[in-house]
Amino acid sequence: MAGVASSNPRDLLGHFLVGWGLVSEEQVAEAMRLQEQLGTPLGRILERMGAIDGESLHGALQAQSEEAVLELFLASRLEDQLWADSIVPIDRPFILRLPLPPLVLEGLRRRIRQREIAAIVGPEPVIPEVVGEPPAATLGPRERLILAAMDGQRTLEEVALLCHLAPFHVAELAARGKHEGFVRVRAGSEGPSEATLAGLLHQARQALEQGDLVTAWRAAEALRQGATGGDGRPEAIAVLSAID
């Protein structure tokens, strides 16, 4: 038995369900309010609310588990991951029964594809922008949602957070768009520009208190990446760890 937990907001169940179009942000917000009162797992609350049926919830949990495993193949620094033996999440146990060979093959495919994407769009962070008309016949709802968020202001990571999707899917569409000429990318900021490190820390903490996980994560990540010394990185990691 093995368990997985994450402080990344895109790994939270509500974030995942919204990205898959199974529930709305309003339904997740209401379920989270009830969760604070009842202490019941979010998925069960959404099911009792009638926002999602049991079969769809089970399928989403399995798909979320697959994505969590596949993300490990894309991690550049496994030492940033926290591993512990003989621990299984007790609030929402979910047994993952998946054929490992196809999962490993997909993970390896994504790792190779990630290198190809980096060669096309350049090193992170990059900012994508839609500049042409993509072939509508080849786009699904997820792709249209991603393209709508590529406004030339957000990084790939920020687009992924806004769309409630894994960054890999966003980067893959950006690479395709650049290759086919309907997306262009430019280098993003290499660190905090307008805001000071202290300002970023204040913003992250304030957003965390208000329950704005996206803003908290974005500010803490900027702080962590921009603080090459001093206490910035530990402070940022503390904020990131609190986002759960």
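The side chain of Glu-129 meets that of Arg-184 in a salt bridge, 3.3 Å from N to O. A salt bridge here is a side-chain nitrogen of Lys or Arg within 4 Å of a carboxyl oxygen of Asp or Glu. Glu-129 is in strand β1 and Arg-184 in strand β2, so the pair ties together parts 55 residues apart in sequence.

The model is predicted: local features need pLDDT of at least 70 and side-chain atom pairs count only at pLDDT 80 or more, while totals for chains, interfaces and linings use all residues. Residues are numbered from 1 along each chain as its sequence is written, and side-chain values use heavy atoms, with hydrogens and water left out.

## Overall layout

The chain has 11 helices and two strands, in the order α-α-α-α-α-β-α-α-α-β-α-α-α along the sequence. Helices (H or I, at least four residues) and strands (E, at least two) are DSSP runs numbered from the N terminus. Of the 244 residues in the chain, 37% are buried. The chain exposes about 14,300 Å², with carbon and sulfur atoms supplying 53% of that area; accessible areas come from the Shrake-Rupley method with a 1.4 Å probe, and for residues only the protein chains shown count as cover.

Contact means heavy atoms within 4.5 Å. Among contacts between residues at least 6 apart in sequence, 67% join residues at least 24 apart.

## Nonpolar cores

A nonpolar core is a set of buried Ala, Val, Leu, Ile, Met, Phe, Trp, Tyr and Cys residues joined through side-chain atoms within 4.5 Å. The largest core holds 23 residues, of which Val-121, Ile-146, Leu-147, Met-150, Val-159 and Val-170 touch the most other members. At least two residues each come from α5, α6 (141-149), α7 (156-163), α8 (167-180) and β2 (183-187). Helix α8 gives the largest share, six residues.

Leaving out residues up to four places away in sequence, Ile-146 touches Val-159, Cys-163, Leu-165, His-169, Val-170 and Leu-173. A second, separate core has 14 residues, among them Val-18, Ala-31, Leu-46 and Ala-60.

## Helix α4 and its cover

Helix α4 covers residues 54-74; at 1.5 Å a residue its 21 residues should span 30 Å, and the end C-alpha atoms are 31 Å apart, which agrees. The expected span is 1.5 Å times one less than the number of residues. Buried residues in α4 include Leu-57, Ala-60, Leu-61, Glu-67, Leu-70 and Leu-74. Their cover includes α1 (13-19), α3 (42-49), α5 and α8.

Arg-110 is in helix α5 and counts as buried because its relative accessibility is 5%. Apart from neighbours within four places in sequence, Arg-110 contacts Glu-67, Leu-70, Leu-74, Phe-168 and His-169. Arg-110 and Phe-168 lie 58 residues apart in sequence, with 8.1 Å between their C-alpha atoms.

Arg-110 also forms a salt bridge with Glu-67, with 3.0 Å between the closest N and O atoms. This pair links distant parts of the chain, Arg-110 in helix α5 and Glu-67 in helix α4, 43 residues apart. Glu-67 is likewise buried, at a relative accessible area of 16%. Within helix α5, Arg-113 and Glu-116 are three residues apart, about one turn of the helix, and their side chains meet in a salt bridge at 3.2 Å, N to O. Glu-116 is partly exposed at 39% relative accessibility. The count of salt bridges comes to 10. Those that share partners join Glu-67, Glu-106, Arg-109, Arg-110, Arg-113, Glu-116 and Glu-172 into one network.

## Surface and loops

Leu-100, in helix α5 (residues 100-121), is exposed at 57% relative accessibility. Leu-100, Val-104, Leu-105 and Leu-108 form a nonpolar surface patch with about 370 Å² of accessible area together. Patches are made of residues with over 30% relative accessible area and no salt bridge; like charges are joined within 9 Å, and nonpolar side chains (Val, Leu, Ile, Met, Phe, Trp, Tyr) within 5 Å.

Thr-40 sits in the loop between α2 (25-38) and α3, and is buried at 14% relative accessibility. Pro-125 is in the loop between α5 and β1 (126-130), and the peptide bond from Glu-124 to Pro-125 is cis, with omega near -5°.

Key:
Buried means under 20% relative accessible area, exposed over 50%, partly exposed in between (1.4 Å probe, protein chains only).
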